[in-house]
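Subject: Structure handover and notes

Dear colleague,

I am passing on to you the structure that follows, together with some notes on what was found in it. Please look through it first and then read on.

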Amino acid sequence: MIRSLWDRDQAAKCESALDQLVYRSNLIGADRRVCNWGGGNTSTKTKGTDFRGREIELMWIKGSGSDLATMKAGQFTALRLDDVLPLMERDEMSDEEMVAYLAHCMVDSKHPRPSIETLLHAFLPFAHVDHTHPDAIISICCADNGRAVAEEIYGDRFVWVPYVRPGFTLSKLIAQGVAGNPKAELVLMEKHGLVTWGDTAEECYAKTISIIQEAEGYIASRVQEDQLFGGPIHESLPKAEREHILAQLMPVIRGAVSREKRMILTFDDEPDVMQFVNSKQAKELSQIGAACPDHLVHTKMVPLFVEWDPQSRDVELLKQQVLDGIARFQEEYRQYFERNRSEGDRMFEAAPRVILIPGIGMVNTGKSWANSKVSGALYHRAIAVMRGATTLGSFVSLDERESYQVEYWPLELYKLTLAPPEAEFSRQVVLVTGGAGGIGSETCRSFAAQGAHVVVADLNSEGAAEVAAQINEQYGEGRAIAVKMNVTSEEDVSLALAEAARTYGGIDILVNNAGLATSRPFDETTLQEWELNLSVLGTGYFLVAREAFKQMKAQGIGGNMVFVGSKNSVYAGKNAAAYSSAKALEVHLARCIAAEGGEYGIRVNSILPDAILQGSAIWNSSWRSERAAAYGIEPDQLEEYYRKRTTLLVNVYPKDIAEGILFFASSRSEKTTGCMLTIDGGVPAAFPR
């Protein structure tokens, strides 16, 4: 049950009407059962001053594209009410006219563009107005008998408005309906949501909550859990089995939905999802349509429902059904676009945003982890709405034309033009071994800065977790994960790649960087030392590359591997036969994989650095003293020694190596594979020849 979160002590700290609006909005957005991510809007009317210092009537309203849960004062817009209210006298007004007009009503042109539902708030003669999309309310608004149900719950206290896309017409209909019913306390918008109001911010919020609670109580008294969605027809597979299947399935899905643009995947098996996908009516209900316009923007009109029998355990059949289903969905989406398109419309990616699989759960797609999670979060809300609507009657939705007009709404399309261009590695997933070290951590951060999602793999799990946490703090939740990986363990490597698949859908880029180093005269080199170097630098690179290669092939959209070799890959380092031999193995292995990977669009290149001491676990080990001894100098003289032996007289740092790695992984080198790039300041003895 929804409950009030209002805290009078906290509210009392709000110094202005805008501060109170921020507080109220954040409370409303905090519970997604009340308001969808990015949806709904709030307003407050107050007095202010114009640029000449004259007192004017103002309305503060949510800025377009913001989320109520996290909004700050700077994301609201102030408009002069005296300029807005005359629009009520008009008979009609296009969206384009309305947006242009409202721009002239803004008190400050630097404020964000006001919500498309600004007039809805302005035309209602109340100091505070909330527009929300509560699950319980939309259940009523999406039930075939919704208006009759509303009469049972609210009597004559509500205004019912037939579905109209947000804009001038809807705003005027609501204002007229409220004016025509002196007892009105709320507006129910068919297939859309709720409008409430109050004389104070607290009263408005309390009304929103109480109205929702009435609907929730009514629905709860009629729910029969064992009969929801027609009752169960499948059983969920055990969690461990679901995860095992997903590790195989997610790269297949990712490849199929990424033919036009790469997509990031997420997975969800929360109880409400499992109850729905396992039910008798899941397919039928899921194909009726979106529960409200705000859902549709992120979930498309319908999800893909995969008719798979989980008790068969036939994973190969599931893969084929998913591939066939995605292909069918894409073709049907293209037909839907062609039937409804207007001149100048350009089709979005045709791939599904929501994929439902009995016994397994829900897979979501998006241009980022965060975007994919939004699609999933909104389908949770859709399930809740279908739960309520089918308890009350039959679930109804926007028809095809209404859905298209929302999805390809010019005002929504205009928002897309304001978004910054995607960075080089947006929509891509990179796995970096040795990700907690100097080169590895710098590489992880550099990829993240260019839009990538990062899997930080390292035997040092605490160090990997720290790097991932730094990335997520700077670039947003879900941009990085840490996995513990001993590259010499086939099981560890397999588990790490499986975790990458379950978290993001697969990987696009592998940076084979994990390492160690030992130094000893050849005749003193032990078999243990020899095998240690070959195990980590040879076998380890082989195991990681092999599993990454399998995943890239399964996706079928190409990929990149960058091996971090060494100057010693091409130079016989003194007192380092084991290390140098293993490093030579690395770069030749990279060339071998490049030769086989070309037909799959998989490129493999190598970076050859030298003497990267900064942040390096290797150089903070016995390797530093061993190398110093080999050159007859003190350990603290190494950096200067290495600088002076370069032709450029420079030291080389992790950032320099990361830039080389990103170059090989980028589109700038898209026709290069099997190549070696030295980044060592110029060591003549190591010039490739």
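Does Asn 575 count as buried, partly exposed or exposed? At 24% relative accessibility, Asn 575 counts as partly exposed, where buried means under 20% relative accessible area, exposed means over 50%, and partly exposed lies in between, with a 1.4 Å probe and protein chains only. Before going further, please bear in mind that this is a predicted model, in which local features need pLDDT of at least 70 and side-chain atom pairs count only at pLDDT 80 or more, whereas totals for chains, interfaces and linings use all residues. Residues are numbered from 1 along each chain as its sequence is written, and side-chain values use heavy atoms, with hydrogens and water left out.

To stay with the backbone for a moment, most residues other than glycine have a negative phi. Asn 575, although it is not a glycine, has a positive phi of about 55°, and it is found in the loop between β16 (559–564) and α22 (577–597). Helices and strands here are DSSP runs numbered from the N terminus, a helix being H or I over at least four residues and a strand being E over at least two. Arg 427 is also not a glycine and has a positive phi of about 75°; this residue is found in the loop between α17 (410–418) and β12, and with a relative accessible area of 7% it is buried.

Next comes the sheet. Strands of a sheet pair through backbone hydrogen bonds, either parallel or antiparallel, and two strands are taken to pair if DSSP finds at least two bridges between them. The model has an open sheet of 7 strands, paired in parallel, in the order β14-β13-β12-β15-β16-β17-β18. Because β14 (480–484) and β18 (676–679) stand at the edges with a single partner strand each, one side of each is left without a neighbour in the sheet. From one strand to the next the twist averages 20°, where axes are lines fitted to C-alpha atoms, for helices over the stretch in contact, and angles run from 0 to 180 degrees between N-to-C directions.

Within this sheet, strand β12 (residues 429–433) pairs with strand β13 (residues 453–458) in the parallel sense over 5 bridges, and Val 432 stands opposite Val 456 in β13. Strand β15 (residues 509–512) is joined to β16 by 4 bridges, and the two run parallel, with Ile 509 opposite Asn 560 in β16. As for β16, 6 of its 6 residues are buried, so this strand is largely enclosed by the rest of the structure. Both of its faces are covered, with Gly 559, Met 561 and Phe 563 buried on one side and Asn 560, Val 562 and Val 564 buried on the other.

Two helices may also interest you. The axes of helix α20 (residues 490–504) and helix α21 (residues 527–555) come within 9 Å and cross at roughly 35°. Contact, meaning heavy atoms within 4.5 Å, is made by residues including Val 493 and Leu 497 of α20 and Leu 543, Arg 546 and Glu 547 of α21.

Glu 547 and Arg 546 also form a salt bridge, with the closest N and O atoms 3.1 Å apart, a salt bridge being a side-chain nitrogen of Lys or Arg within 4 Å of a carboxyl oxygen of Asp or Glu. Glu 547 is buried, with a relative accessible area of 13%, whereas Arg 546 is partly exposed at 26%. By this rule the count comes to 38 salt bridges. Among them, Glu 202 in helix α9 (residues 201–220) and Arg 8 in helix α1 (residues 8–12) link distant parts of the chain, 194 residues apart, and their side chains meet at 2.7 Å, N to O. Arg 8 is exposed, with a relative accessible area of 60%, while Glu 202 is partly exposed at 27%.

Finally, the structure holds 0 disulfides, a disulfide being a pair of cysteine sulfur atoms within 2.5 Å. For Cys 675, the closest cysteine sulfur is that of Cys 592, 16 Å away and too far for a bond; Cys 675 itself counts as partly exposed at 30% relative accessibility, whereas Cys 105 counts as buried at 2%.

With best wishes
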